[in-house]
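Visitor: I have a protein model open and would like to learn how to read it. Could you take me through a few features?

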Amino acid sequence: MELRINGQPVKLELTAGATLLSVIRDQLRLRGTKESCGRGECGACTVLVDGHPVMSCIKLAAVTAGDVTTIEGLAEESRDLREAFAEFGGFQCGFCTAGQVVHATALLRELAMRPVDDLEKFIRKRLSGNICRCTGYNGFVDAVLQTYRRRLARQAKRMEVSRL
Ligand code: FES
Ligand code: FES
């Protein structure tokens, strides 16, 4: 079959039952996406399919329809978010971090289109499927909050400059 991964078409030969995660890590050697529970419970393996977060360990590659984006494909877009994870102590061992960043990237895109009233509650609820064994969660919630606020501030500044 053919899939688009990080904007590139790739031809794949699949074994029966191959998961999207096994294709990404073992065939394409994109090792940023992690496997932890391997059964759809922790979110470590999250990738985007047509912009929506998907747990790739329980997604059959053969039925994956749409553009797949892994953490490697989000390197530029997530730069400020990843810096904020470091700044606010959003990780320790880092095993869950790629999944958190991928999921939070989709969430920040959504917030840019449709702001919400209780931002912190929204972030905590939406990221609740991404399990971390090390941190107390506050670090990466703060990182996502601050990234959102900083992006808004940069956008406001750009609009102000363009009006001059
Ligand atoms: S490794 Fe996929 S959900 Fe845990
Ligand atoms: S930082 Fe270790 S599992 Fe999240």
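Visitor: Where does Thr-70 lie?

Guide: Helices (H or I, at least four residues) and strands (E, at least two) are DSSP runs, numbered from the N terminus. Thr-70 sits in the loop between β5 (67-69) and α2 (79-87). This is a predicted model, in which local features need pLDDT of at least 70 and side-chain atom pairs count only at pLDDT 80 or more, while totals for chains, interfaces and linings use all residues. Residues are numbered from 1 along each chain as its sequence is written, and side-chain values use heavy atoms, with hydrogens and water left out.

Visitor: Is Thr-70 buried or exposed?

Guide: Buried means under 20% relative accessible area, exposed over 50%, and partly exposed in between (1.4 Å probe, protein chains only). Thr-70 is buried, because its relative accessible area is 0%. Contact means heavy atoms within 4.5 Å. Leaving aside neighbours within four places in sequence, Thr-70 has contacts that include Ile-5, Ile-24 and Val-47.

Visitor: Which residues of α2 are buried?

Guide: An α-helix has 3.6 residues a turn, so residues three or four places apart point the same way. In α2 the buried residues are Asp-80, Leu-81, Ala-84 and Phe-85. They line one face of the helix, because they fall within an arc of 145 degrees seen down the axis of α2; the arc is that of the directions from the helix axis to the C-beta atoms. Their cover includes α3 (97-113) and α5 (138-163).

Visitor: How much space lies in the largest pocket?

Guide: Rolling a probe the size of a water molecule over the atoms shows where empty space is left. On a 1 Å grid over the protein atoms alone, a pocket is an open set of points where a 1.4 Å probe fits, with protein on both sides within 12 Å along at least five of seven lines; lining residues have an atom within 4 Å of a point. Grid points are joined across faces, edges and corners, and a volume is the space filled by probe spheres set on the points. Here the largest pocket holds about 220 Å³.

Visitor: Which helix gives the largest share of the lining of that pocket?

Guide: That is α5, with six residues. Among the lining residues are Leu-108, Tyr-148 and Arg-158. Both α3 and α5 supply at least two residues each.

Methods. Chains are lettered from A and ligands numbered from 1 in the order in which they are written.
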